[in-house]
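Good morning. I'll take a few minutes on one structure, so please have a look at it while I talk.

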Amino acid sequence: MIQGITSNFIEQAWEYVEDYISDALKHGIGEYTTDDIKQACQEQRMQLWIKWDDDEVKGAFVTQLLNYPQLKVLLVLLLGGKTFIEWRDEVDDVLLRFGKEHDCKYVEFFGRKGWGNYLKDINYKEQVRMFAKEIV
């Protein structure tokens, strides 16, 4: 089961997800700390989601609603956990439903690998790649 954590329960949930959040942040460029993410979730600027399997937390992810001039997008900012492939489809369902509820046109997801081969020779270090899926 994937559960969205309301802002007033972020503090209680944080001990279960902080390591997953911290590990995911290691792949970024230092734009956020775990405290930044926690505060943004408490202030409802971001959303925290937890993947539970019985009584064990298998992972967590953080989303953010973005308002571009032409459309609204649900950004998956961070995702970390165990055996993600086993709960990937459940995450996708949650994202599409939540995005649709908030009138988003796409889900954006940033991850690692790929474009670095095309950018190495001009001194870029590969950090992330973005995936997008239209919400229909």
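Which residue in β4 does Gln64 stand opposite? The residue is Leu75. Keep in mind that this is a predicted model.

That pair belongs to two strands, β3 and β4, the latter covering residues 72-81. They pair in the antiparallel sense, over 9 bridges. A hairpin of 4 residues joins β3 to β4.

Now the other neighbour. Strand β2, residues 47-53, also runs antiparallel to β3, and 7 bridges join the two. Here Ile50 stands opposite Ala60. The hairpin of β2 and β3 has 2 residues between the strands, and in it Asp54 takes a positive phi near 60°.

How many of the 12 residues of β3 are buried? The count is 9, so this strand is largely enclosed by the rest of the structure.

Is Lys58 buried or exposed? Its relative accessibility is 15%. The cut-off for buried is under 20%, so Lys58 counts as buried. Leaving aside residues up to four places away in sequence, Lys58 touches Tyr20, Lys51, Asp53, Gly81, Lys82, Thr83 and Trp87.

Next, a helix. In α2, residues 34-42, the buried residues are Thr34, Ile37, Lys38, Ala40 and Cys41. Why do they sit on the same side of α2? They cover an arc of only 165° around the axis, and that puts them on one side. As background, an α-helix has 3.6 residues a turn, so residues three or four places apart point the same way. What covers the buried residues of α2 includes α1, β2, β3 and β4. After α2 comes Gln44, with a positive phi near 65°.

Last, the second largest pocket. It holds about 230 Å³ of space. Which element gives the largest share of its lining? That is α3, with 6 residues. Helix α3 (84-101), β5 (106-111) and β6 (129-134) each supply at least two lining residues. Among the residues in the lining are Phe84, Arg88, Val107 and Phe131. By type, the lining divides into 8 nonpolar residues, 4 charged and no polar.

Notes:
Residues numbered from 1 in each chain as written. Predicted model: local features only at pLDDT ≥ 70, side-chain atom pairs only at ≥ 80, totals over all residues. Heavy atoms only, no water. Buried < 20%, exposed > 50% of the residue type's maximum accessible area, 1.4 Å probe, protein only. Contact = heavy atoms within 4.5 Å. Pairing = 2+ DSSP bridges. 1 Å grid on protein atoms, 1.4 Å probe; cavity = no way out; pocket = protein on both sides within 12 Å on 5 of 7 lines; lining within 4 Å. Points joined across faces, edges and corners; volume = space filled by probe spheres on them. Nonpolar A, V, L, I, M, F, W, Y, C, P; charged D, E, K, R; others polar. Arc of directions from axis to C-beta.
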